[in-house]
Amino acid sequence: MQYPEAFNHLIECFKHLPGIGSKSAERLAYYILNMDDVYVKEFADALSELHQKIHYCRTCGNICEGEECEICKDPTRDHSMICVVEKPQDVYAMEKVKEYHGLYHVLHGAVSIMDGVGIEDLNIESLFDRIDDKLKEIIIATNPTRDGETTALYLARLLEDRPVNVTRIAHGLPIGSNIDYADELTLLKSLEGRTKI
Ligand SMILES: [Zn+2]
């Protein structure tokens, strides 16, 4: 027997989420069905507001409401440093390192030969636009994975002739790991041990 159409629709929507198969999708749909109307409305509003309100910062590519993110707008941050990361969630991971007060730049991906992603597909043009007299260092904090390392090498090459120091975070992070899973101390050590490339 088929589920009623509206119920089935919700199940199909849940199945689009990563790691959610048919069984989990069914369980979640039943859960929502039994939820209080108020929470269901709040949940639905949060979902529909997300794409309306959340944008990418025009300067760094981080997620924000409005044109520019809180970090880029903050005059107390150290504007002489930019930490380059793959994803917005890496910004939030790096922010756990209280000793880092610089800015960020989000590439929105990494160079991947397997997936056919080239350096030109990443958010890099706007990074070059940010290089000025005030900028002293660009810290490449892409993941210590094959794609992350490839990206770091490409970036270092592209930044070679620019008047800025380019460093790479140290390999304190386990090879193949993701920055957003690393704990604060590991990230701090990795940041402190960064080397010039
Ligand atoms: Zn920003």
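**Met94**

I looked up Met94 and placed this residue in helix 5 (residues 88-94); helices (H or I, at least four residues) and strands (E, at least two) are DSSP runs, numbered from the N terminus. The model is a predicted one, in which local features need pLDDT of at least 70, side-chain atom pairs count only at pLDDT 80 or more, and totals for chains, interfaces and linings use all residues. Residues are numbered from 1 along each chain as its sequence is written, and side-chain values use heavy atoms, with hydrogens and water left out.

I noted a relative accessibility of 1% for Met94, so this residue counts as buried. Buried means under 20% relative accessible area, exposed over 50%, and partly exposed in between (1.4 Å probe, protein chains only). I then listed its contacts (heavy atoms within 4.5 Å). With neighbours within four places in sequence left aside, Met94 touches Cys83, Val85, Tyr104, Ile179, Leu187 and Leu191. I also checked Met94 against Asp180: they are 86 residues apart along the chain, and their C-alpha atoms are separated by 7.9 Å.

**Asn143**

I found Asn143 in the loop between strand 5 (137-140) and helix 7 (146-159). Asn143 is buried, because its relative accessible area is 2%. Apart from neighbours within four places in sequence, I recorded contacts of Asn143 with Glu86, Lys87, Gly148, Glu149, Arg168, Ser177, Asn178 and Ile179.

Gly118 sits in the loop between strand 4 (102-106) and helix 6 (125-129). Is Gly118 buried or exposed? I read a relative accessible area of 15%, so Gly118 is buried. From Gly118 to Leu158, 40 residues along the chain, the C-alpha separation is 13 Å.

I located Thr76 in the loop between helix 4 (70-73) and strand 3 (78-85). Thr76 has a relative accessible area of 69% and is therefore exposed. Between Thr76 and Ala156 I noted 80 residues in sequence and 28 Å in space, C-alpha to C-alpha.

**Helix 1 against helix 2**

I examined the packing of helix 1 (residues 5-15) on helix 2 (residues 22-33): the angle is about 125 degrees and the axes are 8 Å apart. Axes are lines fitted to C-alpha atoms, for helices over the stretch in contact, and angles run from 0 to 180 degrees between N-to-C directions. The angle makes helix 1 oblique to helix 2; angles under 35 degrees count as roughly parallel, over 145 as roughly antiparallel, 65 to 115 as roughly perpendicular and the rest as oblique.

I listed the residues that make this contact. Helix 1 supplies Phe7, Leu10, Ile11, Phe14 and Lys15, and helix 2 supplies Ser22, Ala25, Glu26, Leu28, Ala29, Tyr30, Ile32 and Leu33. By class, I recorded 10 nonpolar, one polar and two charged residues. Ala, Val, Leu, Ile, Met, Phe, Trp, Tyr, Cys and Pro count as nonpolar, Asp, Glu, Lys and Arg as charged, and the others, Gly among them, as polar.

**The chain as a whole**

I counted eight helices and seven strands in the chain. The C-alpha trace spans about 65 × 35 × 35 Å along its principal axes. Of the 197 residues, 40% are buried. Among contacts with a separation of 6 or more, I noted that residues 24 or more positions apart account for 57%.

I took the domain bounds, which come from an automatic or database domain assignment, as domain 1 (5-53) and domain 2 (73-196). Their C-alpha centres lie 35 Å apart.
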